[in-house]
Amino acid sequence: MKKILLAACLTAISGTAFAQQTVKADAATVDRYVQSMWAKASPEWKARVVQDETQAECSVARNNPSPAQFEKITAREKAAVVFPADGKVLGDWKSGAKVANTGTGGQFSDGPGTYIGGNCYACHQMAPAELSFGTLGPSLTGYGKARNFSAEEAKAAYAKIYNAQSVMACSQMPRFGHNKFLTEQQIKDVTAFLFDPDSPVNK
Amino acid sequence: MDRMKICRLVAAFVTTLTLSAPVLAQQSDAEKEIERYRAMINDPMANPGYLAVDRGEALWATKRGAKNVSLEGCDLGEGAGKLEGAFAKLPRFFKDADRVMDLEQRLLWCMQKVQELDTTDVLKRRFGGPGVESDMQDLVAFIANKSNGMKYQPQITHPKEQEMLAVGEALFHRRAGVNDFSCTTCHGEDARRIRLQALPNFSKPGKDAQDTMGSWPTYRVSQSQLRTMQHRLWDCYRQMRHPIPEYGSDGITALTVYMVTMGAGGEITVPSIKR
């Protein structure tokens, strides 16, 4: 067995060696390509391909930040989380179900006024009855129940959804609140979808 | 590669080992299915992509532009008018243009330089739709089909080809936009799904990239169109909530260079049929 594991590891490493033969492109060169790829985009759209500090750092680190960088990014993102002024992190789970299920919004093919959803099901299993779920993220089935519907945990989930990287630097999950993709109310609603005892997530 | 990734790989390997008995039993069925699929792809009567191949063949020989000549004088890298195996080595560096080009960029260049054709209309119809035939889709189908049965041979010897590969790799990992997405978000791990759609992993060389790159251009049943890699990446950038990428821009070519490099040795079987 050991031999087989070793062989597997070696294959993995030789794959990396192949990738590392490539010299990394310098930032200015990459930026030149980025500029030309979106040369004709409107200023509002062009703004989207400008990276913030965290996006740039995670890109360069290929989403594998060093421990020090991990701490730094996580701390910075944590400091940027804005909790609801009224202190309530739970909204209406039924509206939250819509947030979780909707994959439209924010695409260049979406007309003005298109409802913007969080598309959580693209990456997560949630209500067990919904079979069309992705596997880019962990299953969230029974999420609130497994945490005894604790207020503390609900607040943590709100922070996670608001800014996934406030918990884990370079997480692949979008920073829904931080990037103003979802509204505060939508984040409250989807948090309720995870934490309401009546939500199908917990059935 | 970080340790976590290696261990995940080892874990995946062990899972494969434990599962291998039932998997082996299913293999013959799966192989039969693949055989059936291959036969369908290669059957011009069953694969609507071949309509595009036929239109492309006619277009290739049609005299157009101020010079009133066909595209037969176009050099796709293997010599003027030589089509066999040309697609298997694209994108590549072209001395006359002093640039690395993918097939679509090269075709546009030939239309402009060889035929002196005003490409405004061709560009307007770059993607076909209901009632709109696309010259580019048809030509790509025809030319790529001439490399069937051959293996991808990425060209990364010229410094400009090497730059393309390095930039392609960087663009693949470049996170931006309202969802913080990069290509890696969806194509960076093995055996992942978005909703029910399987996502190939292009972050390393191997089967996923080989199978994928060897199967484009493809006839997309959901769109009733023969689609090229330019369209696929347009669609992925749409899902990434990025702006519309410029058709035939160097960034798309850089990503293509990166992906054919990951898919080196993949066998070309096109036009394929996909969802």
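Helix axes here are lines fitted to C-alpha atoms over the stretch in contact, and angles run from 0 to 180 degrees between N-to-C directions. Helices (H or I, at least four residues) and strands (E, at least two) are DSSP runs, numbered from the N terminus. This is a predicted model, in which local features need pLDDT of at least 70 and side-chain atom pairs count only at pLDDT 80 or more, while totals for chains, interfaces and linings use all residues. Residues are numbered from 1 along each chain as its sequence is written, chains are lettered from A and ligands numbered from 1 in the order in which they are written, and side-chain values use heavy atoms, with hydrogens and water left out.

**Helix pairs in chain B**

| Helix pair | Angle | Axis distance |
|---|---|---|
| H2(B), residues 49-60, and H5(B), residues 135-145 | about 95° | 7 Å |
| H6(B), residues 159-172, and H10(B), residues 250-262 | about 90° | 7 Å |

With its angle of about 90°, H6(B) is therefore roughly perpendicular to H10(B); the term covers 65 to 115 degrees, whereas angles under 35 count as roughly parallel, over 145 as roughly antiparallel and the rest as oblique. Contact means heavy atoms within 4.5 Å. On the H6(B) side the touching residues include B:Met164, B:Leu165 and B:Phe172, and on the H10(B) side they include B:Leu255, B:Val257 and B:Tyr258. By class, the residues of this contact of H6(B) with H10(B) are nine nonpolar, four polar and three charged. In that sorting, Ala, Val, Leu, Ile, Met, Phe, Trp, Tyr, Cys and Pro count as nonpolar, Asp, Glu, Lys and Arg as charged, and the others, Gly among them, as polar.

The other pair has an angle of about 95°, which makes H2(B) roughly perpendicular to H5(B). Among the residues that meet here are B:Tyr50, B:Val53 and B:Trp60 from H2(B), with B:Leu139, B:Phe142 and B:Ile143 from H5(B). The contact of H2(B) with H5(B) divides into nine nonpolar, two polar and four charged residues.

**Where the chains meet**

Chain B brings 54 residues to the contact and chain A brings 63. Together they bury about 5,200 Å², and carbon and sulfur atoms give 59% of that area; buried area is the accessible area (1.4 Å probe) that two parts lose on being put together, summed over both. B:Arg175, B:Arg195 and B:Arg241 supply 18% of what chain B buries against chain A, more than any other three residues.

Five salt bridges cross the interface of chain B and chain A, each a side-chain nitrogen of Lys or Arg within 4 Å of a carboxyl oxygen of Asp or Glu. A:Arg32 and B:Glu163 have side chains that meet in a salt bridge, at 3.5 Å from N to O. On the side of chain B that touches chain A, H6(B) gives the largest share, eight residues. That side holds 30 nonpolar, ten polar and 14 charged residues.

**Salt bridges and local geometry**

Over all chains, the structure holds 27 salt bridges. One of them pairs A:Lys188 with A:Asp86, their closest N and O atoms being 3.0 Å apart. This pair links distant parts of the chain, 102 residues apart: A:Lys188 sits in helix H9 (residues 184-195) of chain A, and A:Asp86 in the loop between helix H5 (67-79) and helix H6 (93-101) of chain A.

Two cis peptide bonds deserve a look. B:Trp216 and B:Pro217 are joined by one with omega about 5°, and B:Pro217 is in the loop between helix H8 (207-213) and strand E5 (218-220) of chain B. From B:Val270 to B:Pro271 the bond is also cis, with omega near -5°.
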